[in-house]
Amino acid sequence: MADSPVYFAHAGGRQLGPLSFAELDALSAKGLLLPTDLVWESGTPEWLPAATLLSFAPSARSVVPPGMPEPPPRADSAAVIERAEPPPSAERPVRPRRIEARVRGGARRWLDHLASFSLSDLLPLPRLLDPETLGASRSWMLLALGLLPLMLATFVEDPLLRIRLFNLGCGALWSLFFVVAFRTEGQSLRLGAALFFSAAVAGILLLSVLNGYPPLAWLDLAMAPQRPLALRLLAAILGVGLVQELAKAAVLILLLRAFGGVRHALDGLFYGLVTGLGFGVWAAVAAGGQTGPGQGAVFALFTGPPTLGLTAFLVSSIVRMAALPFLHALWGAVGGYTVGLAWHTGESATGTRTLAPVAIGILVAATLHGLYDLLLASGHDALSLLVAGVSALLFLSHQRSAEAIRGDAGSP
């Protein structure tokens, strides 16, 4: 036998229930429930006026028992019904016809909400060629950075070059993001561009020209999987990581001494950021030419069936290569912060107070850099992700600290 319905009512400014039908009818007979009060029956989709379920005497429409406050105005009864929700405790097994009614009611409300928007709001096709939008420089940057790598990859038949163009596009997008998100008005885009391309040249020298000669070639041998862990850790941090972070710091210091432009730590952080981006973009492009297992899967994906090596492609190319400019930017920013901090002290570029903080920044960046490379090469993806997260948090902490230092100094 089916359960008897359960009722709830809104009467006199308060909710009553759960109630049986007899109790509900008794409330109406005593004048405690008016025809316009809202009633909900278990299994139904919405609240309804009591007059739809009960019979009321004509005089009951205006009866208000002594001591009970006036019921709220019902001019917006539809809104009240929309806001009032059946109490969860009153839910009972719902009959199939009531499920169908609830589905129909939900679909009707969804269509009503959708109809409240105009077609031009939902699909703004008239703004597709909006002159105001297309006249903005950011629109052309978005189109160029997004479509140019894809366009080149479409017409380039060499699969290895396609991979490199893809990685270059990822690096360009990271560069655009960092410049828009962290540049201040007092920082020069020309100096930033000079640092970006100079760091890329340094990356070409380290990762392509000098990589096959001692002592850089020895570092790769020391990081081979069969080597002891202590040797690999030393080679990763004090070898590969330190060499690359020193190269970025050298480019940064040389150009800042030549052209100036650093007034406080925030300037140093931003210029270190773009220096790291330039180095990292080239690192991603150069990594596209490696022939390890991961890149072999990428190569197979671009030359063979679409399903071949898809997982390896996502991990080794999209995830890892797109992350290289991001991580190099973070590590470069940590070193750049200390360069800006040293400049902020007012000491000369060769004073001990200048070299000390820069050395600390480079060592911290090299440690994070080396740990990330070692963990990733050893297959500890989760731990390498943790190091990347620490790098991002450390960058944000340096950025907030640089803002505070600028504020204390009263710099613009």
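His 369 is found in helix H14, which covers residues 352-377; helices here are DSSP runs of H or I with at least four residues, strands are runs of E with at least two, and both are numbered from the N terminus. The model is a predicted one, in which local features need pLDDT of at least 70 and side-chain atom pairs count only at pLDDT 80 or more, while totals for chains, interfaces and linings use all residues. Residues are numbered from 1 along each chain as its sequence is written, and side-chain values use heavy atoms, with hydrogens and water left out.

Let me stay with His 369. Is this residue buried or exposed? His 369 counts as buried, because its relative accessibility is 2%; buried means under 20% relative accessible area, exposed means over 50%, and partly exposed lies in between, with a 1.4 Å probe and protein chains only. The side chain of His 369 makes a polar contact with the side chain of Gln 244, at 3.3 Å. A polar contact is a pair of N or O atoms within 3.5 Å; within protein, one must be able to donate a hydrogen and the other to accept it, and residues adjacent in sequence count only if both atoms are side-chain atoms. Leaving aside neighbours within four places in sequence, His 369 is in contact with Gly 241, Gln 244, Glu 245, His 328 and Trp 331, where contact means heavy atoms within 4.5 Å.

Two further residues of H14 deserve attention. Val 364 has its place in this helix and counts as partly exposed, because its relative accessibility is 31%. The C-alpha atoms of Val 364 and Glu 245 are separated by 9.6 Å, although the two residues are 119 residues apart along the chain. Beyond its neighbours within four places in sequence, Val 364 is in contact with Val 334 and Leu 394. Tyr 372, also placed in helix H14, is buried, with a relative accessible area of 8%. Leaving aside neighbours within four places in sequence, Tyr 372 is in contact with Leu 327, Trp 331, Ser 384, Val 387 and Ala 388.

I turn now to helix H10. Its 31 residues, 229-259, should span 45 Å at 1.5 Å a residue, and the end C-alpha atoms are 43 Å apart, which agrees; the expected span is 1.5 Å times one less than the number of residues. Where does H10 bend? The bend, of about 40°, is at Leu 242, taken as the angle between axes fitted to the seven residues ending there and the seven starting there. Just after H10, Gly 260 takes a positive phi of about 70°.

The next topic is the largest nonpolar core. A nonpolar core is a set of buried Ala, Val, Leu, Ile, Met, Phe, Trp, Tyr and Cys residues joined through side-chain atoms within 4.5 Å. Which of the 42 residues in the largest core touch the most other members? They are Leu 195, Tyr 271 and Leu 273. The elements that give two or more residues to this core are helices H7 (159-182), H8 (189-209), H10, H11 (265-287), H13 (310-344), H14 and H15 (381-409). Not counting residues up to four places away in sequence, Leu 195 touches Val 251, Leu 252, Leu 255, Tyr 271, Val 274 and Thr 275.

Finally, the aromatic rings. Rings of Phe, Tyr and Trp (its six-membered ring) pair if their centres lie within 6.5 Å; planes under 30 degrees apart count as stacked, over 60 as edge-to-face and the rest as tilted. By this rule the count comes to 14 aromatic pairs. In one of them, the rings of Trp 174 and Phe 177 have centres 6.0 Å apart and planes at 75°, so the pair is edge-to-face. Both residues lie in helix H7, three residues apart, about one turn of the helix. Trp 174 counts as partly exposed at 26% relative accessibility, and Phe 177 is partly exposed with a relative accessible area of 42%.

The rings of Phe 182 and Phe 395 have centres 5.1 Å apart and planes at 80°, so this pair is edge-to-face. The pair links distant parts of the chain, with Phe 182 in helix H7 and Phe 395 in helix H15, 213 residues apart. Phe 182 counts as buried at 18% relative accessibility, and Phe 395 counts as buried at 2%. Trp 174, Phe 177, Phe 178, Phe 182, Phe 326 and Phe 395 form one aromatic cluster.
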